[in-house]
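Me: Could you walk me through how the terms are applied to this structure? I'd like each label set against its definition.

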Amino acid sequence: YNSTEQPGFWVSGFYGSGKSHLVKMAGYLWSNCEFPNGTTARNIKPLPQDIKDLFTEIDRKQHIQGKLTIAGTLRDFPSKDIYYSFLQLLLNSLGYPQQYHHFKFVYWAKKEGIYDGLKAIIESAGRNFSKEIENLFVSSVLSKAVLQLMPDIAENEMKLKDLFKVQFPRMETIGRLEFVNTIKDEILPLSFGEKIPCTIIILDEVQQFIGNDANIAFDVQCLAEDLCS
């Protein structure tokens with residue numbers, strides 16, 4: 001759709017009726033995942049022509065804009081803030097660190113043009129790059145690598161680590177405006193440049209996540225509205 005707002009759907013049904021299977025298949029069809037023998041989700045079985053025509057149009061747009069499937073459950077990313085939980089799900093789907101402050105470091109390193117150099121230095125030392133980012137505030141290997149590439153950023157390791165704590169503070173919540181801006185201005189551009197990819201978002205087990213809590217239900221509604229728009 002060439003619209004400023006995209007549709008959202010709630011899949012309802014009794015226990016065991018196949019809701020999770022249905023939305024999982026929607027994700028596979030959207031990404032058109034390929035099997036080892038070369039067949040794909042869209043051609044593994046014959047489809048009616050009108051459905052094939054729709055997939056052809058989706059494929060055309062995905063080739064232009066890129067494609068993204070975000071699928072999971074909010075319960076897998078527990079936080080008192082539903083926006084932060086979804087942000088972790090999104091980051092995980094794209095292969096970025098799940099913690100927001102770790103992602104901010106990755107974003108900074110990529111914008112500064114030192115990300116690949118950092119990765120090469122740390123891996124040549126026999127260390128796991130992702131693990132060192134998770135230990136951002138205490139990793140001596142990481143701080144030494146940054147100083148090697150950017151010697152003027154700080155006088156020594158200790159001051160660089162203090163700078164990291166200020167520049168990339170730990171967060172457990174995120175405001176709605178910052179949430180939207182982070183996705184539009186930072187997360188998506190790292191993977192897709194200036195384009196917003198054709199995206200499907202599949203949140204499973206939402207009813208179990210909400211339970212009987214009216215506040216959580218309202219938060220889910222707000223999240224859905226912000227994602228759709």
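Reply: Contact means heavy atoms within 4.5 Å. Leu90 is in contact with Leu68, Ile70, Ile183 and Ile187, leaving aside its neighbours within four places in sequence. This is a predicted model, where local features need pLDDT of at least 70 and side-chain atom pairs count only at pLDDT 80 or more, while totals for chains, interfaces and linings use all residues. Residues are numbered from 1 along each chain as its sequence is written, and side-chain values use heavy atoms, with hydrogens and water left out.

Me: What makes a set of residues a nonpolar core?

Reply: Its members are buried (under 20% relative accessible area, 1.4 Å probe, protein chains only), and they are Ala, Val, Leu, Ile, Met, Phe, Trp, Tyr or Cys residues joined through side-chain atoms within 4.5 Å. The largest nonpolar core has 28 residues, of which Phe86, Leu87, Leu90, Phe179 and Ile187 touch the most other members. Helix α3 gives the most to this core, with 8 residues. A second, separate core of 21 residues includes Phe105, Tyr115, Ala145 and Leu147.

Me: How are the residues lining the second largest pocket divided by type?

Reply: The lining divides into 6 nonpolar, 6 polar and 3 charged residues. Here Ala, Val, Leu, Ile, Met, Phe, Trp, Tyr, Cys and Pro count as nonpolar, Asp, Glu, Lys and Arg as charged, and the others, Gly among them, as polar.

Me: Which element gives the largest share of that lining?

Reply: That is α6, with 4 residues; a helix is a DSSP run of H or I, at least four residues, numbered from the N terminus.

Key. Helix = DSSP H or I, 4+ residues; strand = E, 2+ residues; numbered from the N terminus. Buried < 20%, exposed > 50% of the residue type's maximum accessible area, 1.4 Å probe, protein only.
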